[in-house]
Amino acid sequence: MKPTIYITRKIDDQIVEKIRETCEVEMWPEEDTPVPRSVLEEKIQKIDGLFCLLTETIDKTLLEKAENLKVVSNLAVGYNNIDIQSAKEKGITVTNTPGVLTETTADLTFALMMATARRIVESSSYLRDGEWKTWSPMQLTGQDIYGATLGIIGMGRIGEAVVKRAFGFGMNVVYHNRSRKQEAEKKYGITYVSMDQLLKKSDFICVLTPYTKETHDLIDEKELSLMKSTAILINTARGGIVNEEALYNALKDNKIWAAGLDVFEQEPIPLDHPLLTLPNVVTLPHIGSASIKTRLKMANVAADNLIKSLKNEKPEYVVV
Ligand code: GLV
């Protein structure tokens with residue numbers, strides 16, 4: 001008998017077909033609406049495998065309802081939506097999709113650096129709103145990217161991919177990470193610094209660390225107060241790493257220059273959120289890995305992880 005699996009969102013037909021070769025598949029039929037918790041609670045009871053997105057909270061209460069569950073395959077590199085400890089205790093494998101999204105996410109990180117530094121979104125609105133009356137010397141002037149110092153918090157795969165791009169822009173790169181990355185230091189000539197040094201020195205600060213209990217509010221009032229008044233903060237990791245109230249205050253009072261945010265504490269960010277009233281913030285709806293090719297690759301990796309786990313083979317990307 002084939003194992004049964006549930007897919008929590010409508011995904012590409014070819015990927016569903018591939019999973020169907022080895023599994024009985026049921027899928028939440030909607031593309032743009034998350035599966036209701038009540039449906040997930042019912043489905044989880046009997047299935048052998050779950051293919052889920054970062055929009056689903058796979059917590060202890062949910063996992064306790066599962067009788068046969070062997071694997072949770074997350075369609076994301078981040079897995080803060082899953083209670084890893086509870087999964088481990090129940091002997092449930094958790095997998096993710098790193099690697100394939102590295103370059104695409106680094107591209108978007110760089111896009112946010114450029115958009116914020118050169119006031120791209122603000123300038124576009126300026127033109128469309130009819131405010132462009134003449135060319136003038138200091139109109140919509142921003143910050144240089146070329147030659148600036150980039151501070152990367154979290155030197156993993158995406159951090160390294162951002163470093164490679166930064167060299168094309170003549171940037172000087174410093175980084176902070178839980179552990180030193182001697183190989184990356186040698187390979188790219190980047191410098192390890194303390195968190196305080198990074199915050200004080202950098203013109204651009206990119207948050208690229210996983211979201212854990214330890215990194216919750218890693219960038220708060222104190223950290224923002226150490227940054228230059230011309231500093232630009234970019235977050236393409238997870239919203240909870242930056243305290244949004246502190247960030248709003250720093251941006252509103254021009255304590256820092258700008259922020260580029262692809263992620264938020266609450267997603268979707270409520271439309272009445274104060275951050276959305278500021279001209280010096282570029283906000284995106286969590287599209288870091290959103291190229292067609294990459295999202296399909298991620299879905300393929302997630303499918304392979306699921307199938308292998310259910311065949312008792314070792315999947316390529318195991319979290320626990
Ligand atoms: C997206 O945010 C991911 O973790 O893959």
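Predicted model: local features only at pLDDT ≥ 70, side-chain atom pairs only at ≥ 80, totals over all residues.

Residues are numbered from 1 along each chain as its sequence is written, and side-chain values use heavy atoms, with hydrogens and water left out.

**Nonpolar cores**

- A nonpolar core is a set of buried Ala, Val, Leu, Ile, Met, Phe, Trp, Tyr and Cys residues joined through side-chain atoms within 4.5 Å, where buried means under 20% relative accessible area, exposed over 50% and partly exposed in between (1.4 Å probe, protein chains only).
- The largest such core has 49 residues, and Ile19, Leu150, Ile152, Met171 and Phe204 have the most contacts inside it; its largest share, 7 residues, comes from helix α12 (residues 292–310).
- Another core, lying apart from the largest one, has 29 residues, including Ile205, Ala246, Ala259 and Leu278.
- Beyond residues up to four places away in sequence, Ile152 touches partners that include Val162, Val173, Tyr175, Leu198 and Cys206, a contact being heavy atoms within 4.5 Å.

**The second largest pocket**

- On a 1 Å grid over the protein atoms alone, a pocket is an open set of points with protein on both sides within 12 Å along at least five of seven lines, while a cavity is a set where a 1.4 Å probe fits but cannot get out; lining residues have an atom within 4 Å of a point.
- The second largest pocket has a volume of about 340 Å³, volume being the space filled by probe spheres set on the grid points, which are joined across faces, edges and corners.
- Its lining comprises 19 residues, of which Glu122, Leu278, Pro279, Asn280 and Val281 lie nearest the centre, and α6 gives the most, with 5 residues.

**The largest cavity**

- Searching the whole structure finds 1 cavity of 30 Å³ or more, and the largest cavity holds about 40 Å³ of space.
- Residues lining the largest cavity include Asn235, Glu244, Leu261 and Phe264.

**Gln139**

- Gln139 is partly exposed, with a relative accessible area of 21%.
- Leaving aside neighbours within four places in sequence, Gln139 is in contact with Tyr126, Trp132 and Thr134.
- Gln139 and Ser123 are 16 residues apart in sequence and 9.5 Å apart in space, C-alpha to C-alpha.

Note on methods. Helix = DSSP H or I, 4+ residues; strand = E, 2+ residues; numbered from the N terminus.
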